[in-house]
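Subject: Structure for you, with notes

Hello,

Here is the structure I promised to hand over.

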Amino acid sequence: MKRSKRVYVGFVLISACLFLLVTMLLVGNPSGGNAVEGVRPLLKLDYLAPWSAYMGDLPRKADGSYDETAVVWRPLQELQQTDEAKSYLGVFWIKYTLPHRETPWRDPYLYVQRHVNYEAYLGDSRIGGFDIRYERFTHPAFSWRMYAMPAGLSDRPLLIRIQPRLPGLWIGEFRIGESTALIGDMLRYGAIPLTYVLIFGALGIVSAFVYLRSGRDPLFFLFAVITFSAALAYLARLQLIQLVPHSNVLVYFGELPGVVAVAAFLVFLDRFSPGSPLGVWYRRLALAILLFVAVCMAVAIIYDHRTSMEVYRTGLLPTLALVAVLSIHYCWRKFREGTDIETGWVITGMLSAVFFTVVHIVGLHIENLIYWGGMLSPYFYLFDNAAGFGVVLFVISLANALLARLSRIREEHRLFTLDLERLVGERTAELEEASILLEQSIRERTEAMAELSVLEERNRIARDIHDVVGHTLTTTLVQIEAAKRLIHKGKPQGLERLDLSMELVRRSLADMRDSVHMMQSGGAEFDLLQSIRELTGRTEAAAGIEVSGTVDELPPLSMLQKKVLFHALQEGLTNGIRHGEAKRFRYRLQRDGGDVTLQLWNDGKPPAGTGFGFGLTNMNDRVRQLGGALEVQSPDGGGYLLSVRFPAG
């Protein structure tokens with residue numbers, strides 16, 4: 001913190017030394033003495049020059065010109081001190097006899113400033129004049145005029161007819177010289193204000209650019225308003241700007257941009273230190289200042305600059321007093337809380353502005369420093385620009401505060417990025433570890449699924465063997481038993497039964513091949529109706545039973561659905577022949593709403609138990625995989641009914 005204080009103090013001291021050096025280089029050495037005719041190209045006349053004055057209007061000659069020899073002239077300062085002159089509201093005349101010049105001016109001009117109602121004469125010749133009543137937007141203090149003068153000015157009287165707007169006689173500023181010298185003098189004395197304009201303008205442009213590129217940070221917008229307003233205020237006070245056409249309007253409202261900058265600064269303080277207990281007062285006072293500016297502009301437009309200035313001065317003093325109180329409170333609170341670099345720069349700027357403004361006010365009231373031998377001293381230029389220099393330090397300090405904040409934000413962003421990268425690294429390591437565990441789990445699950453798939457394949461093969469072979473073997477067994485009885489009786493039909501049994505075995509082998517082929521091909525060519533007809537035909541021929549039934553129009557069925565229906569019918573015929581000793585079978589395959597149903601009835605014995613055997617258990621599992629159900633019942637106590645139902649989709 002001590003190092004930061006040294007930086008702030010060093011910044012102010014170095015800046016002040018540079019300001020003093022530049023001032024002395026521009027206006028000359030303070031010990032250089034007075035301006036002497038023939039040495040300086042300009043003749044500067046202010047109220048300390050040897051003017052003569054007359055209260056009242058001069059009499060006119062026969063040709064209509066004023067006769068300056070017909071009255072008694074008095075020294076200007078002597079007349080100004082009289083009570084009569086102080087209370088007199090009328091015409092005054094002042095006279096100055098131009099000194100002798102060995103080398104005359106090539107193109108002499110008369111420069112007049114801080115006068116609004118006057119006429120200028122060189123002897124009997126009128127060289128110019130101005131009446132503010134006919135020039136609406138004219139600033140009485142900062143507007144100036146230049147009038148061409150004839151050659152041969154030496155020893156001739158310069159007469160000025162003045163019509164004051166207030167009682168008393170007040171002298172503005174008069175200069176005589178060549179046009180280039182006058183403009184050069186404006187440029188020399190306007191060098192520092194012009195530098196202020198360039199500094200403020202550059203800072204405003206940079207701040208506006210940063211504002212547009214930094215996510216619309218309001219601090220940069222407010223700083224741009226402050227700098228642009230300050231640039232506009234000093235531009236309006238630059239004498240050279242009046243060479244630009246229609247610049248009189250800018251000069252006329254020249255006091256108001258600075259007030260706008262004060263309002264923007266209050267909002268800046270509120271935004272810069274969020275949560276301040278006086279934040280609401282910053283905002284309210286800023287709004288009041290902007291309303292005050294609007295009122296001053298309206299009065300200046302509707303009435304005149306004099307009335308506007310009365311309103312301006314009436315409202316400005318309490319406004320600045322409140323701003324000073326809030327600023328002091330801000331500095332005091334920040335000192336108590338402990339200042340960081342950003343706040344330190346803000347306080348440095350505020351104190352610099354206050355200090356150099358005090359130097360400006362006090363310096364301009366020390367007459368011995370301002371006037372040397374009737375001429376303005378270089379110290380006047382120093383004190384006149386001191387307040388502006390304080391504003392420059394203030395704005396640069398705010399810029400440093402914003403840069404410090406940007407640096408802090410970038411550092412926080414860098415640390416946040418590093419922290420984020422660390423967290424990402426940790427999460428990446430965790431994800432890699434989780435990925436390894438997941439791969440291991442997938443591998444174990446894949447192995448388990450492979451084992452399960454093998455087991456399911458074994459069960460499916462067992463069911464297929466049971467479905468395909470079980471039915472044929474049951475029929476074959478019936479034929480062999482019949483052949484055995486016939487052979488014992490010596491009947492030749494026994495051999496026929498054996499031949500039929502052999503044919504059934506061959507057919508069973510062919511069915512096994514067909515089943516394997518159907519599994520390999522996916523069953524796309526499996527014809528359910530044809531297979532049912534072949535199954536019922538073979539069963540009738542081999543077992544000597546009667547099988548009848550109907551098949552209605554069915555929706556499109558998948559391979560699994562077809563196999564379930566076929567094997568359900570096959571299993572029902574096998575069980576009816578083997579366990580129920582049935583002789584007649586009836587089946588019906590149909591579409592019932594959104595379901596497919598198969599019903600197989602036989603006249604055999606009802607089932608002895610409530611549980612399913614191996615064949616029906618496998619069949620029930622298959623039907624349930626399709627979202628359906630398998631039921632076995634004995635309707636009306638007679639026969640055997642097998643029902644299968646599953647959704648058609």
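Which residues does Ser-397 touch, not counting residues up to four places away in sequence? They are Phe-11, Trp-345, Thr-348 and Gly-349. Keep in mind that this is a predicted model. Ser-397 belongs to helix H14, which covers residues 386-488. Its relative accessible area is 0%, so Ser-397 is buried.

Next, a helix pair. Helix H8 spans residues 256-272, and helix H9 spans residues 279-302. Their axes are 8 Å apart, and the packing angle is about 165°. Angles over 145 degrees count as roughly antiparallel, so that is how H8 and H9 run to each other. The crossing of H8 past H9 is left-handed. The contact between H8 and H9 involves 17 nonpolar residues, one polar residue and two charged ones. On the H8 side, the residues include Leu-256, Val-259, Ala-263, Leu-266 and Asp-270. On the H9 side, they include Gly-279, Tyr-282, Arg-283, Ile-289, Phe-292 and Met-297.

Another open sheet has four strands. The order is E1-E10-E5-E8, and the pairing is antiparallel. Strand E1 (43-45) and strand E8 (144-148) take the edge positions. Each of these two has a single partner strand, so one side of each is left without a neighbour in the sheet. From one strand to the next, the twist averages 15°. E1 pairs with strand E10 (residues 173-178) over three bridges, in the antiparallel sense. There, Leu-45 stands opposite Phe-174 in E10. Helix H4 (residues 179-189) packs on this sheet and touches E1, E5, E8 and E10. The direction of H4 makes about 125° with that of E10.

Finally, two backbone points to check. Arg-114 is not a glycine, yet its phi is positive, at about 70°. Arg-114 lies in the loop between strand E5 (108-113) and strand E6 (117-122). Its relative accessibility is 32%, so Arg-114 counts as partly exposed. His-246 also has a positive phi, near 60°, in a residue other than glycine. You will find His-246 in the loop between helix H6 (218-236) and helix H7 (248-252). Is His-246 buried or exposed? With a relative accessible area of 71%, His-246 is exposed.

Best wishes

How values were computed. Residues are numbered from 1 along each chain as its sequence is written. This is a predicted model: local features need pLDDT of at least 70, side-chain atom pairs count only at pLDDT 80 or more; totals for chains, interfaces and linings use all residues. Side-chain values use heavy atoms; hydrogens and water are left out. Axes are lines fitted to C-alpha atoms, for helices over the stretch in contact, and angles run from 0 to 180 degrees between N-to-C directions. Angles under 35 degrees count as roughly parallel, over 145 as roughly antiparallel, 65 to 115 as roughly perpendicular and the rest as oblique. A crossing is left-handed if the near helix is turned anticlockwise from the far one by less than a right angle, and right-handed if clockwise. Contact means heavy atoms within 4.5 Å. Ala, Val, Leu, Ile, Met, Phe, Trp, Tyr, Cys and Pro count as nonpolar, Asp, Glu, Lys and Arg as charged, and the others, Gly among them, as polar. Buried means under 20% relative accessible area, exposed over 50%, partly exposed in between (1.4 Å probe, protein chains only). Two strands pair if DSSP finds at least two bridges between them.
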